Amino acid sequence: MDGRVTLESLRPEVVLGAAVEHTGLTDFGGRSFTAGLSIYLDDLRGEARLNAAGIVGQFQDLVRLLSNRLRFQRDLKAHPEIRDEQIAKPIVILGLPRTGSSKLQRMIAADPDAQRLEVWRLLFPAPFSADANAGPDPRIKLAEQFESTLRAHEPEFMARHPMEAHEPDEEVWLIEMTHESPMSSLKTRAPAHRAFTEGRSQRGVYDYLRNLLQYLQWQDGGGRGRPWILKSPIHIGELPTLFATFPDAMVVHCHRNPRIAIPSYASLGEVAHVMHSDDVDLHELGHDANQFWARQIERNLTVRRELGEDRIVDVYYEYIRDRPLAVIEEIYARAGRAVTPAARYAFERYDAHRPQDFFGKHEYSKERYGLTDAHIEKAFANYLSRFPRVNANG
């Protein structure tokens, strides 16, 4: 349908119909998600300033998400035992973007006694066929093609946030299936959808995430004592919801100087936005990033005091960069887990094979995004006061 996709194709009835046609399924598990979907589509048509490639790309991505939803619902109906899966003691890594959290997640997830959210499973959590045979999984091939496309055509994105088909990444790729998470508005200009998501409880989003983790765990033969290694900055302001959903979670909060983290994130945001648009206001992008993440941090600081901090491990960027094994040992000790010889070997192997700048050097500046130290210090004043050590790290 690529040749027929236009801006007017970005309407609820069209993308929903395309997903139904693509899968041959009709049950989405209810239609409450269409409220957020409709608002997002309105933004895509009216605010996102999409170019031709962006229109097709957004359409395809929405059909992928909706097809995942249809297939997930198909399997839930056929296998109600999926909901009996226990998500036990996940390790959840969060913090401002660009704080070393991706490296930490990928190193820990190398442990053979952990559960990994590999990119191919994040892009396509549901098997395409309900009676898939034991042959090669077509989801893997598609994810490998996705990685190859990024490597060939988006090297700047890979330098900032490498996405490899067989490496873990953020569960926000699953959360997007709800159309109620701020994540969508962070990669495309969508102000109404941002306001919609920030103005509503995220409990339903987290419940859906738990169901998807149960689904993936069920596909993999059950938990067998292996914790999920989760990671996303989006959890920063949602600690009460996170703990309500995963009561025995261990949270790892990664810290870095926001004067560095925010411009670095804006640089990633720029690359993501220009994939879809020829009209990206870099100063708007920078100030939006500064204010959005500052709001999340303020919520985090408030709830940390209310919840107590005994279930949160605070780690710093320079330690993740320079002494990752010591960081992981501290996390495992707090989580009551042993670093086995097999795990240590896996951690060391990953670290040796993925040095900093493996996919290219990431360069950026505050000025490009209309930011100054004063802007960032004002927005993050309470954070800088609560964690003064971040002033020293880079």
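Student: How do you know at what angle helix 4 and helix 17 pack, and how far apart their axes are?

Tutor: In this predicted model, helix 4 (residues 101-108) and helix 17 (residues 341-353) pack at about 135 degrees, with axes 8 Å apart. Axes are lines fitted to C-alpha atoms over the stretch in contact, and angles run from 0 to 180 degrees between N-to-C directions. Local features need pLDDT of at least 70, side-chain atom pairs count only at pLDDT 80 or more, and totals for chains, interfaces and linings use all residues. Residues are numbered from 1 along each chain as its sequence is written, and side-chain values use heavy atoms, without hydrogens and water.

Student: Why is helix 4 called oblique to helix 17?

Tutor: Under 35 degrees is roughly parallel, over 145 roughly antiparallel, 65 to 115 roughly perpendicular, and the rest oblique. The angle is about 135 degrees, so helix 4 is oblique to helix 17.

Student: What makes the contact?

Tutor: Lys103, Arg106, Met107 and Ile108 of helix 4 meet Phe347, Tyr350 and Asp351 of helix 17. Contact means heavy atoms within 4.5 Å.

Student: Why are helix 1 and helix 3 called oblique?

Tutor: Helix 1 (residues 12-23) and helix 3 (residues 52-78) pack at about 55 degrees, axes 8 Å apart. The pair is therefore oblique.

Student: What is the handedness of the crossing of helix 1 and helix 3?

Tutor: The crossing is right-handed: the near helix is turned clockwise from the far one by less than a right angle.

Student: Which residues of helix 1 and helix 3 make the contact?

Tutor: Among them are Val14 and Leu16 of helix 1, and Phe59 and Leu62 of helix 3.

Key. Helix = DSSP H or I, 4+ residues; strand = E, 2+ residues; numbered from the N terminus.
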